[in-house]
Amino acid sequence: LDASVEVLFFPKSYEMFADCLVEDTALAVKGRVNEREGSISVFASDAVPVDISAAETDAGVNPVTLEVEARYVDVDYIHELRSTLRAHRGSTPLRVVVRHGAKQTKLAVDQYPIDPSPALFGELKSLRGTRVLA
């Protein structure tokens, strides 16, 4: 998650693959590579969604970490977060980092393992003051 490449879909291919082009969804893309002025882009001719949620390390499943600004954490926020996590229950551990200025409190939320899907990440992004770190 530390690099990117621009992928261009011309109108005909865009129509064919529009349903795959969803924010925070990994894609395998086939196309022609174009290099111009040190920048690389791909002119796509095919695209297939790739499920990367099951990626594991040798030590097991990597936890997902949320960063939350303390000023947004209230009863309504907790209820909304809990509801979102319950709707996306899985086996991946969740960690929460609550930030208050320069201070941070790290929490393991073991009672809410999640399924780290694009749908979950989209819902978490909509929660005020929340960022998905990993």
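**Entry 1: R99 and its partner.** I began with R99, which counts as partly exposed at 25% relative accessibility. The model I am reading is predicted. R99 forms a salt bridge with E67, and the closest N and O atoms are 2.4 Å apart. I then placed the two residues: E67 is in strand β4 and R99 in strand β6, 32 residues apart, so the pair links distant parts of the chain.

**Entry 2: E67.** Is E67 buried or exposed? I looked up its relative accessible area and found 10%, so E67 is buried, the cut-off being under 20%. I noted a second salt bridge of E67, this one with R131, where the closest N and O atoms are 3.2 Å apart. This pair also links distant parts of the chain: R131 belongs to strand β8 (residues 130-132), E67 to strand β4, and the two are 64 residues apart. R131 is partly exposed, with a relative accessible area of 49%; I note that exposed would require over 50%.

**Entry 3: D74 and R128.** I looked up the salt bridge between D74 and R128, whose closest N and O atoms are 2.9 Å apart. D74 sits in the loop between β4 and α2, and R128 in the loop between α3 and β8, so this pair ties together parts 54 residues apart in sequence. For D74 I find a relative accessible area of 35%, which makes D74 partly exposed. R128 is likewise partly exposed, at 35% relative accessibility.

**Entry 4: the salt bridges as a set.** How many salt bridges does a search of the whole structure find? I count four in that search. Salt bridges that share partners join E67, R99 and R131 into one network.

**Entry 5: the nonpolar core.** I turned to the largest nonpolar core, which has 16 residues. Which of its residues touch the most other members? They are L66, L81, L85, L94, V96, I114 and L124. I listed the elements that give two or more residues to this core: β4 (64-69), α2 (75-87), β6 (94-100) and α3 (118-125). As background, nonpolar side chains tend to be buried together in soluble globular proteins.

**Entry 6: a nonpolar patch on the surface.** I also looked for nonpolar side chains on the outside. V5, V33 and I40 make a nonpolar surface patch of about 270 Å². V33 is found in strand β2 (residues 27-36). Is V33 buried or exposed? V33 counts as exposed because its relative accessibility is 59%, and the cut-off is over 50%.

**Entry 7: the whole chain.** The protein has three helices and eight strands. What pattern do they follow along the sequence? I read it as β-α-β-β-β-α-β-β-β-α-β. The protein has 134 residues, of which 26% count as buried. Its accessible surface comes to about 9300 Å², and carbon and sulfur atoms hold 52% of that. Among contacts with a separation of 6 or more, I find that 61% come from residues 24 or more positions apart.

Methods. Residues are numbered from 1 along each chain as its sequence is written. This is a predicted model: local features need pLDDT of at least 70, side-chain atom pairs count only at pLDDT 80 or more; totals for chains, interfaces and linings use all residues. Side-chain values use heavy atoms; hydrogens and water are left out. Patches are made of residues with over 30% relative accessible area and no salt bridge: like charges are joined within 9 Å, nonpolar side chains (Val, Leu, Ile, Met, Phe, Trp, Tyr) within 5 Å. Accessible areas come from the Shrake-Rupley method with a 1.4 Å probe; for residues, only the protein chains shown count as cover. Helices (H or I, at least four residues) and strands (E, at least two) are DSSP runs, numbered from the N terminus. Buried means under 20% relative accessible area, exposed over 50%, partly exposed in between (1.4 Å probe, protein chains only). A nonpolar core is a set of buried Ala, Val, Leu, Ile, Met, Phe, Trp, Tyr and Cys residues joined through side-chain atoms within 4.5 Å. Contact means heavy atoms within 4.5 Å.
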